[in-house]
Amino acid sequence: MTPSPLLQVEGLHKRYRLPRRSLLAPAPEVAALAGVDFELHAGRSLGIVGESGSGKSTLARLVMALERPSAGRVRFDGVDLHALDAAALRRARAGFQMVFQDPYGSLDPRRSVLQTVAEPLRALQGAGAAEQRTRVAEALEAVGLSAADGARYPHEFSGGQRQRIAIARALVTRPRLIVADEPVSALDVSVQAQVLNLLRELQQRYGLAYLFISHDIAVVDLVCDEVLVLQHGRVVESGPPERLFTAPEHPYTRRLVEAVPGAARAASGGAPQGGS
């Protein structure tokens, strides 16, 4: 019997109202997402790839229930997140966490690392001080830092270390799903590889599912089992990353692949540079 998916996105639409052009004119709308469907099973990784304006970050906010869809459903472990009341949604959030693009902007410079990483435990699970210290130490060590780093502040760390802190904060509630929105795009190339390797190690250790959002198809090739290509809020192609790299069918996918160094050779039958 096939297990139920951990995350189900069904017919997801999101429209935003734009400013009126005149006092009497109706407010125009723009469709950020238009009928997106996918499933993600426990322990698997799904990449969402597309250029700026394709709807990737809107999709992340809807999956995280930070915004409400105009239509459609987001089910986590069989539960429609957008049908929950505030208290039930807060309890559910322990099971899905997010890592943002900017590792410095997502960390409060006035809070110690211990306070920052412990915040989801306090807000979502009501953990006491002793449990917070223990769980934060575990999370920091899991990402290659030390428990002693909890006493330091974000400005004392490099960009790659700050992203490790952000990953520790996502891990601390012991979630089943992590939504990673461009988690390495603000990092140097050498540091990107370290963080991507860390994410893969954590997935193997904890059985995490990743919804991995990126503009770079080469990055999702390294970490994802399946990829959805998003253009103007619609899925134009999907499949395993090795197939999309070597035999893209949609012109938009081909354009994304051709933007990767060495990918012209890959798309004609060779292996992509840096592939999985």
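A residue is called buried when its relative accessible area is under 20%, exposed when over 50%, and partly exposed in between, with a 1.4 Å probe and protein chains only. The model is predicted, so local features need pLDDT of at least 70 and side-chain atom pairs count only at pLDDT 80 or more, whereas totals for chains, interfaces and linings use all residues. Residues are numbered from 1 along each chain as its sequence is written, and side-chain values use heavy atoms, with hydrogens and water left out.

The buried residues of α1 are K56, T58, L59, A60, L62 and V63. After α1 comes A65, which has a positive phi near 60 degrees.

Two strands pair if DSSP finds at least two bridges between them. Four strands form an open sheet in the order β2-β1-β4-β5, with antiparallel pairing. At its edges are β2 (29–40) and β5 (79–80), each of which pairs on one side only. Nine bridges join β1 (residues 7–17) to β2 in the antiparallel sense, and Y16 has V30 in β2 as its bridge partner. Helix α1 packs on this sheet and touches β1, β2 and β4 (71–76); the direction of α1 makes about 115 degrees with that of β1. Such angles run from 0 to 180 degrees between N-to-C directions, and axes are lines fitted to C-alpha atoms, for helices over the stretch in contact.

Strand β3 (residues 45–49) takes part in other pairings. With β9 the pairing of β3 is parallel, over four bridges; G47 has V227 in β9 as its bridge partner, and L46 stands opposite E226 in β9. With β8 (residues 209–214) the pairing of β3 is also parallel, over five bridges, and here V49 stands opposite S214. Five of the five residues of β3 are buried, so the strand is largely enclosed by the rest of the structure. From β3, S45, G47 and V49 point one way while L46 and I48 point the other way, and all are buried.

Strand β9 (residues 226–231) has five of its six residues buried, so β9 too is largely enclosed by the rest of the structure. Five bridges pair β9 with β10 (residues 234–239) in the antiparallel sense, and Q231 has R234 in β10 as its bridge partner. The hairpin of β9 and β10 has two residues between the strands, and H232 takes a positive phi near 50 degrees there.

A nonpolar core is a set of buried Ala, Val, Leu, Ile, Met, Phe, Trp, Tyr and Cys residues joined through side-chain atoms within 4.5 Å. The largest such core has 48 residues, of which V117, V143, I167, L171, L202, F212 and I217 touch the most other members. Helix α6 (residues 189–206) gives the largest share of this core, six residues. A second, separate core of 29 residues includes V9, L33, V63 and L230.

Two helices, α5 and α6, can be followed in detail. The axes of α5 (residues 159–171) and α6 come within 10 Å and cross at roughly 20 degrees. The two helices are therefore roughly parallel to each other, a term for angles under 35 degrees, with over 145 counted as roughly antiparallel, 65 to 115 as roughly perpendicular and the rest as oblique. Contact means heavy atoms within 4.5 Å. In α5, G160, Q163, R164, I167 and L171 meet V191, Q194, V195, L198, L199, L202 and Y206 in α6.

Leaving aside neighbours within four places in sequence, L202 is in contact with A142, V143, I167, L171, G207, L208 and Y210. A142 belongs to helix α4 (residues 129–142) and is buried, with a relative accessible area of 8%. A142 and L202 are 60 residues apart in sequence and 7.7 Å apart in space, C-alpha to C-alpha. With neighbours within four places in sequence left aside, A142 is in contact with L171, L198, L202, R205 and Y206.
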